[in-house]
Amino acid sequence: MTGHPFLRVLKLPITCIVMEVIVIILFAVFVRYDTDTDARKWHKEKSHDNKSNYENDFYFRYPSFQDVHVMIFIGFGFLMTFLQRYGFSSVGFNFLIAAFSLQWATLMQGFFHGMHNGKIEIGVESMINADFCTGAVLISFGAVLGKTSPVQLLIMAVIEVTLFAINEFLVLSVLNAKDAGGSMTIHIFGAYFGLGVTRVLYRPNLDKSQHKNCSVYHSDLFAMIGTIYLWMFWPSFNSAITAEGDDQHRTAMNTYYSLAACTLATFAISAVVNHEGKLDMVHIQNAALAGGVAMGTAGEMMLTPVGSMVVGFLAGIISTLGFKYLTPILEEKFHVQDTCGVHNLHGMPGVLGATVGTITASLASAEVYGEGMKDVFPDIYEGKTTPFKQAMWQGLSMGVTMGIASIGGILTGLLLKVPIYATPPDTMCFEDNIYWEVCLCHKEDSHQELAAVRTEEVEKPLNG
Amino acid sequence: MTGHPFLRVLKLPITCIVMEVIVIILFAVFVRYDTDTDARKWHKEKSHDNKSNYENDFYFRYPSFQDVHVMIFIGFGFLMTFLQRYGFSSVGFNFLIAAFSLQWATLMQGFFHGMHNGKIEIGVESMINADFCTGAVLISFGAVLGKTSPVQLLIMAVIEVTLFAINEFLVLSVLNAKDAGGSMTIHIFGAYFGLGVTRVLYRPNLDKSQHKNCSVYHSDLFAMIGTIYLWMFWPSFNSAITAEGDDQHRTAMNTYYSLAACTLATFAISAVVNHEGKLDMVHIQNAALAGGVAMGTAGEMMLTPVGSMVVGFLAGIISTLGFKYLTPILEEKFHVQDTCGVHNLHGMPGVLGATVGTITASLASAEVYGEGMKDVFPDIYEGKTTPFKQAMWQGLSMGVTMGIASIGGILTGLLLKVPIYATPPDTMCFEDNIYWEVCLCHKEDSHQELAAVRTEEVEKPLNG
Amino acid sequence: MTGHPFLRVLKLPITCIVMEVIVIILFAVFVRYDTDTDARKWHKEKSHDNKSNYENDFYFRYPSFQDVHVMIFIGFGFLMTFLQRYGFSSVGFNFLIAAFSLQWATLMQGFFHGMHNGKIEIGVESMINADFCTGAVLISFGAVLGKTSPVQLLIMAVIEVTLFAINEFLVLSVLNAKDAGGSMTIHIFGAYFGLGVTRVLYRPNLDKSQHKNCSVYHSDLFAMIGTIYLWMFWPSFNSAITAEGDDQHRTAMNTYYSLAACTLATFAISAVVNHEGKLDMVHIQNAALAGGVAMGTAGEMMLTPVGSMVVGFLAGIISTLGFKYLTPILEEKFHVQDTCGVHNLHGMPGVLGATVGTITASLASAEVYGEGMKDVFPDIYEGKTTPFKQAMWQGLSMGVTMGIASIGGILTGLLLKVPIYATPPDTMCFEDNIYWEVCLCHKEDSHQELAAVRTEEVEKPLNG
């Protein structure tokens, strides 16, 4: 512990305010409305190109944006409330770092691949991209959940968002890979970044708070709210920034069937690996979502419905087995303490998704895609590349992403190890009480009181 | 109990995997993208018919689809979490059988009324229809909730989805009835099928687990999440597959006012039937939704806003009275143990809805509908039938649906009585613990610990 | 207490039924489908104006409507479940008075500014407006939460909706102010009306039930569901009835960034004002939303993204400081018992929003808005007014709204003081048990039983 107590108490507020002020200044200098959100420009374009209001990008993408938004704030936030005494922090810090990350992502994604005449122009598509980037940060948050202070999380977000934007630029603009739903740029990136951080922050004595690192009945039901929302809206996530028309439609449908098949696989494997044949809430809450992760790259391609289902089925199997067998090995052998098991939900299914994307790209043919090739693989359509080469770039992108994420995570972990961030001690991990005013009011008494109330009621009637 | 213990434990996994593999094989053989989801076909049609991307069916129906999806997975799932110790199973088995049913429904609805050149072509409309069919299965699930194993539920889903598709074909394509929101095909079908099953599975000694068959404070709040989502999105449900334009718009609005009036009626009757004038959560959670059920047939017709409100008002009254007076009679006199009261929420309001549809159809006139008659009653518009005849077909459809559902439910119940499905014993109904790993970790200690934490906090400061 | 016990028990049902019957009669006489929901009229207009179905207002506004709907029923409803023993009433009475208010609002808004040839024509835009008006009633509900009977709340809704419609007419149609997201008409109005009511209903002995007026762990998590939904969908709220095209798009985006900045400010100030640097759930649940309130007027204007962030940042600071310092003063010095702190969340941020709207209007220029001026400031576009005059009307509107709301609230409070509404006594405030059948079933036993279950399980195996 360092610094004057006064300073210690002010670490979080100072961090929040300094970061928000920096963001505001950068927005003032660089950020402008795009054509679809600017009053003058939209009306000019409308009359010039004879457009109608329903051609504004808002109507193509805003419903999908809101679904993505729900995934980020409700989905991730409540998924992590499974911990019995970390519910406030799960949903609260998720809220804080997401609210920060989406602002920072607007700037970083703008700087690296969205500048127009020196300005970042924003609209609903950039909002979706900012939420996507935020998703990667929240995945990493899952790996370190319960063991990091909010100041550490904010610092992590600053670095991760920046590296995310760089990696995204490399993958999508330099290597020209396709990854609309982010199997690589979001899931692999977020997972391996988080694993890197948590590896460096390894706590050999974490078992001191291990009794808090588990769920209770109602905390598991809260977590299911997160799970179900993620599951339902994943079709919107994967299709949110694909090309308009058949692309959005097909991506959503592929993801829908992938997730359905994944759910059956998850229930099956969860019961198989339990010696009594019982189901484990951890698997249902997480592995059932792997089918969405695994469709992040190939979802927009002509994978066919059955192809999507096979991918989802495999993803569910891999992910559930990972939770059962790989997580303990990672912790004991490799000193990777992955609180939410993001390696099982985002890491491995992300790799599966990137691989499926690579294979599907290699099979692209004009016969199957017709004129739609222009939207899905513009480089192949224009003859700039071949399906085989496109597949190579896809595969290379996976490797680049894993590399940048892992190294970035490790370096970030080292930075977060500096003892200036009010990190919780080993005995106080997974505990809301050190960050939040937790009221204990009268819970003990509630039954006696309620009994009293019933008596009272007879004596003290309603007024009127 | 039959079979080797090893086999018993594997019943659920084997069922899941066998069924998913069958689905995958059938998808491989029969299922293809439709014109709006296929890259080649959509682009061909676009250039051929001079269409724009915003005319892709995705933009007309995907927001409604997602609302329906929320109703199926959050709405039904959480509505059933009211049971104090069956929350995992309520939301978990809801998740499992819904994920299976939507795949199976795609196949069955395709086989019975969606084949094109020997293939089933799918897009957002078939996704909505698959979710609708799933809704019927979940209604039946409500009738048997707590008393059936997941294997039984999956077997039930296989049969029910198949019969649903047959009945839907008869009602919509043979009898040419209108039923866009499914008062008949979804609600009457699901309710009477479920009642048939639960009648055959009657347990005379169910009172042995009756003390678990009730709610606690927080389980009722979780259930309200389900209720409110169903209530809010029912306008989307009823309008999701009506014709584009005024039809979707009118159906949504009619349902909105019906539900509002229904809510007032439910609160009123709930207080009236209680000797102290208190409200009953069971009524609010369920009967307030009857106004949506009752608009499933006439919602798209020119029922007028006030007509919708009258229907909703009646639905709320009937449904609440059913919960209070009919449910005990059904159980004691007719040996129908209807856990969630689906007869009150879906059965009777469904009959009301079908009746209102019959009456409203009989009153259809060119003066009121104008050219819109083509969308609502195409047969009347084309002179193939008269309003009176249309009404006859509507009424007949209700009868056919009740017959197929009841008999199908009874036969399914007989099949589910064969003692091979790991059914829970009478003492263990409404109990998660036999299917799920339920953690008891430290709940007892939490107050003492938290007190300890407060002391500790002073001694073990944050690091940094 | 007055009247025969029989009558007392019937107060709520009689109120509900009488009010619903009056609404139904008025709907029968006055309410009709508008052009976009009427079968005949829409098809006539379509062929006459050569329109397409996707130009039906449904596709421009229904997704936003559903987001608003979620805010009203889930957002407000669950936000108020923070009280440990008032969860049923919070979400239940929210449900009841919202379902009534939206019907009554359809009529009142129609009477005051929506008559066509003596009829009120309705569609998705009027549905959004009805939900908006309902929002104001729910804000006032927050001020009196826990201290009023449902009959009082329904009477309050009748009056408040009526005054809301009158004030809305004055502000939007007489003073020609802009207020698409309702900083003035919804938030200022709802807050000051509620404060007026609660001032008159001041209970000097409310401390008798003060031990119930607080949260427990899980009730705070339920409340966070409400918070997060309000936060996520506020962009839809503010943009729901702005002009189509860039206006909806820009308003949503401005609100998105305002809320993000507001969240950082809220976390910062919440930790600053706590002597241990801990965060307070009350602040996070409420003040983080102030950024949405403060964008209700200027959201559609060319405020720029950075402008929106500055407004949100200020709103978060003001609101959190209000919760910490102003609420106790209001109660102790001014006898205003504001249960949910609506003055901090809606009152002050609403005033900020109205002020920002005034300033932004005064800066409107043709250079910035181009042809878009026609949608945002039609009077300026048509030369009927100047930016300066427009700003004057904006400011005057704020004053008019505060006046009508405060006086209306005080008069309503006086009416509600008449002892005929079955008001709860001071000792029974914040207590579900007087309105609801609250089950206590077996909660005490649940651990012992569950232990028993585990033993039982070994002895009573599954059937099959």
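**Chains A and C.** I looked up the contact between these chains, counting heavy atoms within 4.5 Å as contact, and found that 88 residues of chain A touch 93 residues of chain C. This is a predicted model, in which local features need pLDDT of at least 70 and side-chain atom pairs count only at pLDDT 80 or more, whereas totals for chains, interfaces and linings use all residues. Residues are numbered from 1 along each chain as its sequence is written, chains are lettered from A in the order in which they are written, and side-chain values use heavy atoms, with hydrogens and water left out.

I noted a buried area of about 8100 Å² between chain A and chain C, 70% of it from carbon and sulfur atoms; buried area here is the accessible area (1.4 Å probe) that two parts lose on being put together, summed over both. For salt bridges (a side-chain nitrogen of Lys or Arg within 4 Å of a carboxyl oxygen of Asp or Glu), I recorded a count of 0 between chain A and chain C.

**Helix 9 of chain B.** Of the 27 residues of helix 9 of chain B, 26 are buried, that is, under 20% relative accessible area (1.4 Å probe, protein chains only).

**Ser64(B).** I located Ser64(B) in helix 3 (residues 57-79) of chain B, and it is buried, with a relative accessible area of 2%. Leaving aside residues up to four places away in sequence, I found that Ser64(B) touches Ser236(B), Ala240(B) and Gln248(B).

How values were computed. Buried means under 20% relative accessible area, exposed over 50%, partly exposed in between (1.4 Å probe, protein chains only). Helices (H or I, at least four residues) and strands (E, at least two) are DSSP runs, numbered from the N terminus.
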